[in-house]
Amino acid sequence: MEKRRELWIDAAKGFSIIFVVMGHSGDAAANHYLSWFRMPLFFVLSGLVFKPVDPGRYRGWAARRTKGLMTPYFAYGLLIAGVLLLFSFNIRGFAENIARLLYGGLSLTGPYGVFWFITCLLFTQLLFGYIVRYSRRTQFLLITSAYLVSHLISLTVLKNFNLPWNIDVALLAVTYYAIGFYGKQAIPALISRYSALLVLLPLSALVLLLERTGVIHYSLNMKYKEYESLLLDLAVPLLISLTICAAVYQLARLIPLGWMGSLGRNTITIMYLHLPLNYSLKYLLGADYGLVPFTLIGVIVPLLAAKWAVRYPVLSRFYLGKAGVPPAKRTGKAASVSSNG
């Protein structure tokens, strides 16, 4: 039986992927501020729709999750490598791209710049799926330990080690993922209140003002393990993520956001294609073209490609991860989240 998804979750993912594309446009200010929350928001939203795994079924579940995430990873990776080979006829460069794709992590740059997120998401899900078999107290202890170890890595020479597939970044990501999971009831209940937005929005603006005026100094870059504040790395991403969720929830009550929900259900294609598409156009045009064109191209063209690919089972299986994502329903009062993330 098809499970209906909450519109506000899909819409929030839609806004989040737009923020990701904007951050990669080359606009330094946009990248700096959007990096505070764009990846944590993805993990929180994924945690919201996670369902605990029975320990006896963990291996089978882990295998399915790995296949579901890594099939598009390699499909897009090989596609990009193949296109580059056609234009350059550089066999050595092709082999190097395949090697980087296999190793992942910080070795993924250029058109592969966002591939790290998929492997990090996979290890985050596998780690959290294993943790939830224990008592709630043990779960909190393990997640807290992972959060502390992630900052130990960031603050020492361990930061410079390029582990395969950004495995070590999952130690931080699992905290954001856990916030979404443990807040499965509390978060929708909070953001469904209009008064919550009236509090969250000024608080987020205050954080931005404090950073702009130099009262606080904050930055967050999960890929490159730049997270150096135990307090702010938890407070700032969570505050802004909740603000965005509250704003999207209230918007979904006032205006049709089905188009944004559709965007949120096709984040995988946008994630993989927005960089190679824009890099190709910049190369052909011989010039940068700024934040807005970069974002429009990086969002609209991959979305159209996803709409086309879903019509073909083979393309859907390889490039969209899985087919048959049900339509979202309009948000009324806070409702339970049933889909697995």
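## A lysine in a loop

Lysine 225 sits in the loop that joins helix H10 (194-212) to helix H11 (232-254). Helices here are DSSP runs of H or I with at least four residues, strands are runs of E with at least two, and both are numbered from the N terminus. Lysine 225 is buried, with a relative accessible area of 1%. Buried means under 20% relative accessible area, exposed means over 50%, and partly exposed is in between (1.4 Å probe, protein chains only). The phi of lysine 225 is near 55°, a positive value in a residue other than glycine. Most residues other than glycine have a negative phi.

## What you are looking at

This is a predicted model, where local features need pLDDT of at least 70 and side-chain atom pairs count only at pLDDT 80 or more, while totals for chains, interfaces and linings use all residues. Residues are numbered from 1 along each chain as its sequence is written, and side-chain values use heavy atoms, with hydrogens and water left out.

## The whole chain

The chain has 15 helices and 2 strands. Its radius of gyration is 20 Å, close to the 20 Å that the globule rule gives for 341 residues, so the chain is as compact as a globular protein of that length. (That radius is taken over C-alpha atoms, and the rule is 2.2 Å times the number of residues to the power 0.38.) Of the 341 residues, 49% count as buried.

## Inside the core

The largest nonpolar core has 97 residues, and those touching the most other members are Trp8, Phe43, Tyr73, Phe115, Phe117, Phe128 and Met222. Such a core is a set of buried Ala, Val, Leu, Ile, Met, Phe, Trp, Tyr and Cys residues joined through side-chain atoms within 4.5 Å. Leaving aside neighbours within four places in sequence, phenylalanine 43 is in contact with residues including Phe117, Tyr176 and Met222. Contact means heavy atoms within 4.5 Å.

Threonine 119 lies in helix H6 (residues 115-131), and counts as buried at 0% relative accessibility. A polar atom of its side chain lies 2.9 Å from the backbone oxygen of tryptophan 116. Not counting residues up to four places away in sequence, threonine 119 touches Met70, Tyr73 and Trp165.

Where does tryptophan 165 lie? You'll find tryptophan 165 in the loop between helix H7 (136-154) and helix H8 (170-182). Tryptophan 165 is not a glycine, yet it has a positive phi of about 60°.

Note on methods:
A polar contact is a pair of N or O atoms within 3.5 Å; within protein, one must be able to donate a hydrogen and the other to accept it, and residues adjacent in sequence count only if both atoms are side-chain atoms.
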